[in-house]
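Keep the structure open beside you as you read.

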Amino acid sequence: MAPQVFFITGTSTGFGYYYVEKCLKEGDKVVATARNSSKLSFPDANKDNYLAVDCDVTDSASVTKAFEKGFAHFKRIDVVVNNAGYGLSGEFESLSEQQIRTQMEVNFFGLLNVTREALHYLRDKNPTSGGHIQQITSIGGQRGVPTFSIYCASKWAVEGYTEALSHELKPEWNISLTCIEPGGFRTDWAGRSMAFAEKKHPAYDHINAKETMQKRNGTQAGEPKKGAEAMWEVAKMKDPPLRLVIGSDAYTAIMGKIKTYGENYPKYEKLSNSTDVEGYERPS
């Protein structure tokens with residue numbers, strides 16, 4: 001397969017860093033973005049295969065400029081990876097309105113900004129229409145986790161948005177979408193990158209979010225470098241899936257969720273089907 005041009009957000013640490021590293025090692029080219037791209041450094045990077053660009057995903061003008069620079073440098077963009085984001089932990093009633101809005105602004109609205117530009121470039125700017133958009137969501141985008149209500153909300157929003165969008169794209173545009181849903185990986189996500197509630201609600205004395213995350217940090221199942229390599233493999237698939245979990249814990253969790261769904265809905269089948277207009281013909 002010919003080298004591809006990747007546009008990856010959030011590349012300073014974790015998945016983003018290792019994703020860039022994998023791409024360069026395999027002979028691909030990368031537009032690596034970060035809020036301060038001058039701090040980025042990769043061993044296999046040179047002017048022919050790598051471009052570091054400042055990008056604040058919450059600023060649509062910044063996103064537009066980053067795509068313009070990347071396209072001007074490489075003359076096309078093949079794979080866009082929405083990796084920028086962070087975790088917010090705390091009981092819902094302990095989180096401030098500003099914390100909640102910032103979480104959604106980065107994890108959801110920032111992703112929308114990047115995806116909007118990505119669609120434009122993959123469909124209208126590339127020499128040949130087509131490409132792949134990867135949304136790095138979370139197993140938390142498929143199940144609710146205590147102390148992560150707003151983080152999960154941001155990831156569920158990404159999941160629903162992406163699924164709906166996948167049905168809007170014309171097949172001839174040749175643009176594929178994938179929600180990649182990691183489980184727990186030993187990145188900075190649960191460490192220095194984690195944000196916590198600013199003011200503890202007294203009703204939640206049975207939960208200590210910070211202590212729980214401190215104990216979990218560094219003990220997760222996932223190896224970040226292997227996770228990034230799996231994401232790269234998905235990018236090379238001819239027909240990538242709409243959803244894919246990575247991590248044995250995420251796989252176990254999603255299979256458990258599917259089992260729960262499979263048991264819950266049939267249990268209430270009669271009630272669910274009792275509300276139709278008289279004479280309405282149900283779709284097969």
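Start with the holes: the count comes to one cavity of 30 Å³ or more. A cavity here is a set of points on a 1 Å grid, over the protein atoms alone, where a 1.4 Å probe fits but cannot get out. Bear in mind that this is a predicted model, where local features need pLDDT of at least 70 and side-chain atom pairs count only at pLDDT 80 or more, while totals for chains, interfaces and linings use all residues. Residues are numbered from 1 along each chain as its sequence is written, and side-chain values use heavy atoms, with hydrogens and water left out.

The largest cavity has a volume of about 60 Å³, a volume being the space filled by probe spheres set on the points, which are joined across faces, edges and corners. Its lining consists of Val57, Asn82, Asn83, Ala84, Val106, Asn107, Gly110, Leu111, Ile136, Lys155 and Val158; lining residues have an atom within 4 Å of a point. Two helices, α3 (97-125) and α4 (149-166), each supply at least two residues of that lining, and the largest share, four residues, comes from α3. Helices are DSSP runs of H or I with at least four residues, strands are runs of E with at least two, and both are numbered from the N terminus. By class, the cavity lining has six nonpolar, four polar and one charged residue. For these classes, Ala, Val, Leu, Ile, Met, Phe, Trp, Tyr, Cys and Pro count as nonpolar, Asp, Glu, Lys and Arg as charged, and the others, Gly among them, as polar.

So how do α3 and α4 sit against each other? They pack at an angle of about 20°, with axes 8 Å apart. Axes are lines fitted to C-alpha atoms, for helices over the stretch in contact, and angles run from 0 to 180 degrees between N-to-C directions. The pair is therefore roughly parallel, the label for angles under 35 degrees. Their crossing is right-handed, meaning that the near helix is turned clockwise from the far one by less than a right angle. Among the residues that meet here are Asn107 and Leu111 in α3, and Lys155 and Val158 in α4; contact means heavy atoms within 4.5 Å. The residues of this contact divide into 13 nonpolar, four polar and one charged.

α3 has another partner in α2 (residues 60-74), packed at about 35° with the axes 9 Å apart. This crossing is right-handed too. The contact is made by Ser60, Val63, Thr64, Phe67, Glu68 and Phe71 of α2, together with Asn113, Val114, Glu117, Ala118, Tyr121 and Lys125 of α3. Sorted by class, that gives six nonpolar, three polar and three charged residues.

Now find α1 (residues 14-25) and α6 (residues 224-235), which pack at about 55° with their axes 8 Å apart. That angle makes them oblique to each other, and they cross right-handed. Phe15 and Tyr18 are among the α1 residues in the contact, and Met231 and Trp232 among those from α6. In total the contact has nine nonpolar, one polar and four charged residues.

Finally, look at the second largest pocket, with a volume of about 380 Å³. A pocket is an open set of points with protein on both sides within 12 Å along at least five of seven lines. It has 21 lining residues, and Gln4, Gly130, Gly131, His132 and Asn174 are the closest to its centre. Strands β6 (131-136) and β7 (175-182) are the elements that give two or more residues to this lining, which has seven nonpolar, nine polar and five charged residues.

Key: Parallel < 35°, antiparallel > 145°, perpendicular 65-115°, else oblique.
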